Amino acid sequence: MKGGRVYDLKRLEILYEISNYGSLVAAADVLGYDPSTVSAHLSKLQAEVGHTLYEKSGRGVVLTARGQELAQYAGQMLAIAERARIAMENPATTTPRTLRVASFNSAARYAVPQIFEQLEKRAPHLTLELTQLEAERSISELTKHHFDVAVAEEYEGRPVSLPPSLTRVELWQDPIVIVASQSVVTAQPLKQMGWLAELPWCMEPVGTQLRTWSDAFLTARNIRAVPRFVSTDLSWQLQSAYGGHAVAILPHLVLDAIYRVEGQASSSRGVPQGLWVSEPLGKRTVFAVIRKSSATDPAISTILDILREMDPARG
């Protein structure tokens with residue numbers, strides 16, 4: 001190090017995120033800074049190091065070989081810093097701590113109140129803050145250290161990519177099913193699916209993961225679905241189908257979140273009387289995302305264990 005000085009960790013974090021995202025603006029967004037602030041910190045880090053770390057390219061920057069090398073060390077230092085923070089919290093004790101978890105709608109609804117009850121039994125010194133947030137945004141916020149765990153979803157054929165600083169932990173396999181009032185279902189509903197084309201549908205807006213998956217499934221079977229209701233609220237879609245107003249394609253977790261929790265189910269997988277639920281058409285994967293540097297955090301391990309044990313398929 002030039003002059004024996006220790007490089008500023010915050011500036012190293014900026015360099016590390018630029019190497020991850022390939023953009024000064026993207027790094028600024030991840031870290032919650034103004035781009036001009038990031039640029040100023042990067043200039044100061046370059047002066048401290050005494051080597052050219054980046055070169056301007058259009059409106060952005062490109063890291064040099066020296067910059068890439070230092071970014072690799074920066075990633076290691078950031079991981080060590082987080083492990084040090086975890087160690088200093090002394091997990092062997094019952095020091096109070098708040099864990100921040102972000103989850104998409106149906107998983108969040110399913111998790112409450114079970115996750116709070118289990119946490120109270122196993123680790124009463126931990127307080128959980130659960131925020132309902134769509135998966136893409138929760139992953140972005142996780143990189144900014146706004147959350148400790150993000151619960152996300154992945155549909156078949158639509159893999160979710162993660163930044164290098166994050167890792168995923170598999171939780172559940174969630175079947176995707178057709179739901180409708182039993183009063184409109186024909187004798188062989190999945191062998192002769194033409195009846196579906198004659199009914200109104202509840203669907204998500206075009207462009208969402210579930211809508212894209214559903215459109216592909218129906219198109220492959222020459223079924224043109226005409227949405228009567230369009231909403232991202234899957235519980236509303238379910239209630240519309242239950243009431244006989246429309247047909248919907250939904251992840252089964254939506255049923256589990258409503259009917260099992262409310263005690264209305266006639267089976268362990270949350271199917272009330274009067275609602276027809278098809279055999280699985282496919283599946284989505286529900287998984288947790290954490291920072292790699294917090295993989296050894298006992299508190300986060302406790303949350304992940306609870307989530308895995310809440311698999312709806314276990315009944």
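Trainee: What sits over the ring of Phe287?
Mentor: The charged end of Arg168, 3.8 Å from the ring centre. A charge sits over a ring if NZ of Lys or CZ of Arg is within 6 Å of the ring centre and within 35 degrees of the ring normal. Arg221 also lies over a ring face, that of Phe217, at 3.7 Å from the centre.
Trainee: Before I go on, what ground rules apply here?
Mentor: This is a predicted model, where local features need pLDDT of at least 70, side-chain atom pairs count only at pLDDT 80 or more, and totals for chains, interfaces and linings use all residues. Residues are numbered from 1 along each chain as its sequence is written, and side-chain values use heavy atoms, with hydrogens and water left out.
Trainee: OK, new topic: how many aromatic pairs are there?
Mentor: There are four, where rings of Phe, Tyr and Trp (its six-membered ring) pair if their centres lie within 6.5 Å; planes under 30 degrees apart are stacked, over 60 edge-to-face, and the rest tilted.
Trainee: Why is the pair of Tyr110 and Trp172 edge-to-face?
Mentor: Because their planes are at 80 degrees, with the ring centres 5.6 Å apart. Tyr110 is in helix H5 (residues 105-111) and Trp172 in strand E6 (residues 166-181), so the pair ties together parts 62 residues apart in sequence. Helices (H or I, at least four residues) and strands (E, at least two) are DSSP runs, numbered from the N terminus.
Trainee: And is Tyr110 buried or exposed?
Mentor: Buried, at 1% relative accessibility, and Trp172 is buried too, at 3%. Buried means under 20% relative accessible area, exposed over 50%, and partly exposed in between (1.4 Å probe, protein chains only).
Trainee: Which residue does Trp195 pair with?
Mentor: Trp276, again edge-to-face, at 5.8 Å centre to centre and 70 degrees between the planes. Trp195 is in helix H8 (residues 194-197) and Trp276 in strand E10 (residues 275-277), 81 residues apart. Trp195 is buried at 8% relative accessibility, and Trp276 is buried at 15%.
Trainee: Thanks! Last one: how do the residues lining the largest pocket divide?
Mentor: Into 14 nonpolar, nine polar and eight charged. Here Ala, Val, Leu, Ile, Met, Phe, Trp, Tyr, Cys and Pro count as nonpolar, Asp, Glu, Lys and Arg as charged, and the others, Gly among them, as polar.
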